[in-house]
Amino acid sequence: MGLFDRLRGGDGPRVAFFGIDGVPYSLVSDNPEEFPTLSAMASEGTAGAIDSIVPPESSACWPSLTTGVNPGETGVYGFQDRENGSYDTYVPMGRDVQATRLWDRVTDAGREATVMNVPVTFPPQRNVQRMVSGFLSPSVEKAAYPDELRETLEAGGYRIDMNSKLGHKEDKTEFIEDAYETIDARFEAFSHYIEQDDWDLFFGVFMTTDRVNHFLFKDYEDDTDDKELFIEFYKRVDEYLGKLREMLPEDVTMVVASDHGFTSLNHEVHFNTWLRENGWLDFEDDDHDSLGDISDDTRAYAFIPGRFYINLEGREPRGSVAEEDYEAVRDELKADLEAMEGPDGSKVAERVVTKEDAFRGAHDDIAPDLVVIPNHGYDLKAGFKDGGEVFTSGPRNGMHSFDNACLFVDDENVHVGDADLLDIAPTILDLMDVEYDRTAFDGSSLTRA
């Protein structure tokens, strides 16, 4: 179908979605003059803070946002998941996402989709007109389909991600320059295919925002000398969103959202160290660096961010907790986690969620038994090498939050209200007039009849 056919209409309304990874709604609402584009979307359409998912980690969030279902259905719980019946772990990729993606529903309805830089989509799908996979992809060469897309992106200096290691330096100048180079190339690629492709759904993600937040968010909140670097970067983000908005034809609704919120980081919490100090975790010998080295008297172990597994007999190879003791042991661990205090005496956990309350679906067999949602300031780590102290600090000063993600929709007939990440996919389908089974989603459309 060519441009002339599109101008004749008759193919239904379209949506352009732009992800701004990790951007909290309060950042925009507290600084409307620095975000004229998003502020205009809020006043002319609708906007608000939304909740993320459990756990609020990008590798789990983007599969849930793009499918409208919880990790129990997507089968992805974080950057690292464990194999059934084993202590082996793996890094989930696109093919590990077990639920139907939003763009698959669009193409099944006979419409076209262009998908760019969405985390956890490698390798690129070939049932959409073009896709470049995002975070966790090994290279642009391997992440782009078709060949023409790869050639265009490589010629334009496109990169999958920025160099976050630059953020470890005290002087953030080189780090922020790299962030600009990354987001500049991302915008050029998005704008090129916004105008070139005959799409019904354009779905692109700016992930550099998350990287900047990790190393400069506390500078913003504490008003340090580096706050201006942070604000100036976000002016560029809003400027690019504004230019993309201007490019969109009248039959396109623009949607902007983040996958989780952000807040200042005060303490990194090394949970496997805490478990070991409190008699929950032990290793077979002193030379250990992985889950496979735990001993058979271990009762629990942790993955990031705040995911806890009972070392259950019959489920784990060296399980030490009998099935009949599972509930009592999990309740004991939950109580210990709820009581845990940081260096200043404040509670580490805002709440501790059981697997039954957080996850449901055909792929909940690898779900954690408990998940800690931390109070702001406590960034939850794991690792199986001895970490020394339970509470440490590192080069990052910003961390993900479950609350305060953002959603902006250029349509006044959408009502954000008490929404969460799982509502985005069905909302987009309604905006596109694509029919779907409403029972297929954990979320609900935010469009008003």
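Colleague: How many helices and strands does the protein chain have, and what makes a run count as one?

Modeller: The protein chain has 15 helices and 19 strands; these are DSSP runs numbered from the N terminus, with H or I over at least four residues for helices and E over at least two for strands. This is a predicted model, where local features need pLDDT of at least 70, side-chain atom pairs count only at pLDDT 80 or more, and totals for chains, interfaces and linings use all residues. Residues are numbered from 1 along each chain as its sequence is written, and side-chain values use heavy atoms, leaving out hydrogens and water.

Colleague: Which residues of helix α8 are called buried?

Modeller: In α8 (residues 147–155) they are L149, R150 and L153, buried meaning under 20% relative accessible area with a 1.4 Å probe, protein chains only.

Colleague: What puts them on the same side of α8?

Modeller: They cover an arc of only 100° around the axis, so they share a side; the arc is that of the directions from the helix axis to the C-beta atoms.

Colleague: What do the buried residues of α8 pack against?

Modeller: Their partners include β5 (113–118), β6 (130–133) and α9 (173–196), where contact means heavy atoms within 4.5 Å.

Notes
Buried < 20%, exposed > 50% of the residue type's maximum accessible area, 1.4 Å probe, protein only.
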